[in-house]
Amino acid sequence: VNREIKNIRKEDMDQALEMIREAKKPFIFVGGGCVISGADQEVRELAHRIQAPVCDSLMGKGAFSGEDELYTGPVGMHGTKTSNYAMCECDLLITLGARFSDRVTGNAKTFAKQAKILQIDVDAAEINKNVLVDASVIGDVREVLRRLLEMIPEEQHPEWIEHIQEMKAKYPLTYDHSQLTGPYIIEKLYEITKGDAIISTDVGQHQMWSAQYFKYKEPRTFLTSGGLGTMGYGLGAAIGAKMGRPDKTVV
């Protein structure tokens, strides 16, 4: 893989490092770029090294394990209350390979106004496109994280993490347990497969339930069409997944 590394500037890395070290309430936002670049191990290491909770976009699912105690769920219009509150309370938002789509930000002008925003992305055109950021690093997200991890000391944010865990307990995703529902089916699928399956979706409400109620432990286990919302994507993707991974349960 020819990774974009020639554009990674030392002064950008130094600024990123300084922002991370100064943060008292860091929050990591994981997007599809982390899946594409295979940065899941680096994302996990960063989150635990600096004790930062993690949310994701639809396309970022699985780049950080849904079973990890630092995970707060998806963010935005179809996100969890915890992720959305954390987005409004953090003092540093570390955005990894995400484009700040309108489903995540709502009103872009008021999005995460209280926080400094650090955006790491391979594409310079994504910086300041939808949301104005305070600092950025251009480069392959896995490579940038690898270099950052060589420099970042361990940080402890016990009060912030405790607050996040309290919110998770207070605002869980809920549904009506008295009758058969979509969320119940997705949750049961997760229990039966122990999360070891590839889930492929079409577009609509079932897609959101699949993102919310199934815990994705690794990247490329949630196949969904994301931004373009392509009707009919689910069946073709499922057939392709089964051909590529005949050993896997594909739903």
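Two residues are in contact when they have heavy atoms within 4.5 Å of each other. By that rule, among contacts in the protein between residues at least 6 apart in sequence, 67% join residues at least 24 apart. The model is a predicted one, where local features need pLDDT of at least 70, side-chain atom pairs count only at pLDDT 80 or more, and totals for chains, interfaces and linings use all residues. Residues are numbered from 1 along each chain as its sequence is written, and side-chain values use heavy atoms, with hydrogens and water left out.

**Overall form**
- The radius of gyration, taken over C-alpha atoms, is 18 Å, which agrees with the value near 18 Å for a compact globule of 251 residues (the rule is 2.2 Å times the number of residues to the power 0.38).
- Along the principal axes, the C-alpha atoms fill a box of roughly 50 × 45 × 30 Å.
- Buried residues (under 20% relative accessible area, 1.4 Å probe, protein chains only) make up 52% of the 251 residues.

**Nonpolar cores**
- A nonpolar core here is a set of buried Ala, Val, Leu, Ile, Met, Phe, Trp, Tyr and Cys residues joined through side-chain atoms within 4.5 Å.
- The largest such core has 36 residues, and those with the most contacts inside it are Ile-28, Leu-96, Leu-118, Leu-145 and Leu-148.
- Another core lies apart from it, with 22 residues, among them Phe-29, Cys-55, Val-104 and Ala-115.

**A closer look at Leu-145**
- Leaving aside neighbours within four places in sequence, Leu-145 is in contact with Ala-39, Glu-42, Val-43, Leu-46, Leu-96 and Ile-120.

Conventions: Buried means under 20% relative accessible area, exposed over 50%, partly exposed in between (1.4 Å probe, protein chains only).
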